[in-house]
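Visitor: Hi, I have a structure open and some quick questions. Can you walk me through it?

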Amino acid sequence: MPKLTAATSVPPATIPQTCPPDADVASIKQSILRHLKCSLARDTSTATLHDWWIATCMMTRDLCLDRFIRTQAVHNEANTRRVYYLSLEYLMGRLLRNNLSNSLLLENTNTALAELGFDLRNLLNEELDMGLGNGGLGRLAACFLDSLATLEYPAIGYGIMYEFGLFRQSFEKNRQVENADNWLPDTNPWPIRRPQFKQNVPLYGYVETCYDDTGNPRSVWHHNQSLLGIPCDIPVVGYGAAGTVNFLRLWESRASNEFDFQLFNEGGYTEAVQQKAVSETISKVLYPNDKTAVGKELRLVQQIFFVSCSLQDLIRRFKRDNSPNGQVAWKVFPEKVAIQLNDTHPAIATAELMRLLLDEELLTWDSAWNLVTQVFSYTNHTLLPEALEKWSVALFERVLPRHLQIIYEINLRFLQLVEERWPGDNARKRNLSLIEESPVKMVRMAHLAVVASHTVNGVAALHTQLLKESLFADFDDLWPNRIQNKTNGITPRRWLRSCNPLLALLVDGKLGPAWTKDLALLQGLEKWADDPAFQGDFMAVKHANKVHLASVIKHLCKGLEVSPHALYDVQIKRLHEYKRQHLNLLHILTLYRRLLANPNLDIVPRVFIFGAKAAPGYDLAKDIIHAINAVASHINTDPRIKNKLKIAFLPDYRVTLAEQIIPAADLSEQISTAGKEASGTGNMKLALNGALTIGTLDGANIEIREEVGAENIFIFGLNIDDIRALSQHGHDPRAFYETDEELREVINWLFSGYFTNDDPNALLAIKRSLLDYGDPFLVLADYRSYLTAQEKVDAAYRDKTRWARMAILNTARSGKFSSDRAIREYARDIWHLSPLPVP
């Protein structure tokens, strides 16, 4: 075992000793210096660290672009079938290290920079995380792009080039504060603008029925506004010997007319530039606050903007390659095109493709619908009603009148099919209709996606079962084979080899590097799970990562010092009531209260590590952040508990922070209410890196238990059947509050004002949610079971040999959760896509 440090640079032995022939150390140095002098007009004496970072990125980009050009040439020459992945989010993180690692350039670049007097680790910190996503949805999309390129599948990702990310999070007086995340400075070297492929997107106006020369009626959309979409491409580099470099095409919005000079001359000075300003807000920020009517409209416009640009772009590509003698061969469109909707946000793409085929390409309805239903597939990521997206008919009629007309026609024909299947069953029609006949009529976007797609998939076995049994039960009755499961996955390139180089080195020493592209090979580690020497090495890696994370916590949490010898208890995910960060908080308060009653209580010291952002308009989630930080301010400074508990809420949680937290985690908190988490991918990343899971039977936790073994995971709480029974018999959260004295005392303490400067109303919304509004996510019902499971964690952690064995087996048995496995399943079962190797 090599000497371990907390450094995050990759040891040379972790990189297979093969790299592109034009990427030796001398060539890399020359390329960096050339970009520094020519591209940036800097000399080595005046260049800043940021200049050196840009020059290194440009060197890397040059080599990636060579592979990209070869890839596209091979794809175009073969006129290959491609998958087009439509997602409103891509949580890419930083690109330099990932691209160097995937290109097998990391070691040589590290050496080249060292010879130039620089440490690669310092340069990496110059890069900002790309602000293109928020949570697991966007990170999954990024992992899928990585796997598609590594496995050499022809693919293009489509999304929006947000100028600002969700927000940068800080804490003031224990509350979340949102600041602009301006991640895209003018000097960012990764996006490549491609204005020659710009697209125009019509909006608003009205629809008129006209007649062609043969007397057939046609709908004509007289739009009165339009947006210009300018594409920016980001290379997606496959790992290792794979020659494939796919790309992510992101659209930035511009006004179709930069400046209305006539209006200016007529005295409308402000109005003359208003259209330009409004148009450019479309790609300004990820997820505008949709609590207001203006915010809702902006989100709908964002969605039609990016899907329309993307569909027009893929149609352009298809027509270029499939128009013999000037006639477009539309019959082969489904042979060349597969379109994947990543959740419900892009569902409007189905109606937009119909519009393009009907109005622009002049196909008949039946011909157009036949093409649409052969190319689309839809991934559902949630059972939560608020995330399924419904838009008011009035909003649709104003912004997208032609699309509303098309949706009405789709619905009419679909309900005729329902009537044929279930004559006279009006209740079934109401459930299945694309239009919700509520007081405010709504368009159901998830229903539209299901009707227009040939395949619908859930993202974990339980989630898919619940889709069939509840959310889409009638659709499953109508089309029994349409819904299938595709359990999520994560890329081992970023989430083990890159983020945990010390563990990657240890694994390489036992198995070689091939596991990087075949994660199932990790199972070979099982033979060393009981070996004392390997256990020692494995836990030494964990300790080194904890030392590093302790330094990060000290830097980000105002000097908070935590011990790497404590158990690192980690909950990192979007802040939402169903994810139950407040259940975690009740456990912390229980331990705190016990320690105050008995300072000599023998418990395993713990550092509770949180990373989470609450949506700006989600007040209750922001109150939970306030509560955790308020409790932390007491616990972290209370000498009576002798440093046995610490709380570190790391601000501005993002991919780069996750890459530092996950390798150091001992315990992975996956404690959502059963049936609410579709899958989760944080649970997979943490298990892969040797953290043990404490969780409910929800999402992919069930499959993690199946893989790692029930004895190597801590399961607690109500399952789906228990919750259904509780609901049928009447759930009263106050019954748990009244009958569990410890729970009652902890809740009373939290809401007494003790932690909030004697203001008992500061956290009143949380109290009402738990006690007065039915505790919808069953926090109190699962409290006692959760504490029992945590006591089992405490006992297991004391037995160092047992814990090491359990941690090793979690890593060894995580092979199923590779995004490579998931992508192969999508390609085989949904997209019918074959790899196309690039020399």
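This is a predicted model: local features need pLDDT of at least 70, side-chain atom pairs count only at pLDDT 80 or more; totals for chains, interfaces and linings use all residues.

Visitor: Where is the place of T696?

Guide: T696 sits in the loop between strand 22 (692–695) and helix 26 (701–708).

Visitor: Is T696 buried or exposed?

Guide: T696 has a relative accessible area of 0%. Buried means under 20%, so T696 is buried.

Visitor: New topic. How many residues has the largest nonpolar core?

Guide: The largest nonpolar core has 159 residues. L353, F396 and W831 have the most contacts inside it. Helix 9 (residues 293–321) gives this core its largest share, 12 residues.

Visitor: And which residues does W831 touch?

Guide: Not counting residues up to four places away in sequence, W831 touches R81, V83, L148, A338, Q340, S377, I823 and Y826. There is also a second, separate core of 118 residues. L506, W515, I766 and L780 are included in that second core.

Visitor: Now helices. At what angle do helix 29 and helix 31 pack?

Guide: Helix 29 (residues 741–750) and helix 31 (residues 779–798) pack at about 115°, with axes 11 Å apart. The two helices are therefore roughly perpendicular to each other. Their crossing is right-handed.

Visitor: Which residues meet there?

Guide: From helix 29, E742, L743, V746 and I747 meet L780, Y783, R784 and L787 of helix 31. The contact residues divide into 6 nonpolar, no polar and 2 charged.

Notes. Residues are numbered from 1 along each chain as its sequence is written. Side-chain values use heavy atoms; hydrogens and water are left out. Axes are lines fitted to C-alpha atoms, for helices over the stretch in contact, and angles run from 0 to 180 degrees between N-to-C directions. Helices (H or I, at least four residues) and strands (E, at least two) are DSSP runs, numbered from the N terminus. Angles under 35 degrees count as roughly parallel, over 145 as roughly antiparallel, 65 to 115 as roughly perpendicular and the rest as oblique. A crossing is left-handed if the near helix is turned anticlockwise from the far one by less than a right angle, and right-handed if clockwise. Contact means heavy atoms within 4.5 Å. Ala, Val, Leu, Ile, Met, Phe, Trp, Tyr, Cys and Pro count as nonpolar, Asp, Glu, Lys and Arg as charged, and the others, Gly among them, as polar. A nonpolar core is a set of buried Ala, Val, Leu, Ile, Met, Phe, Trp, Tyr and Cys residues joined through side-chain atoms within 4.5 Å. Buried means under 20% relative accessible area, exposed over 50%, partly exposed in between (1.4 Å probe, protein chains only).
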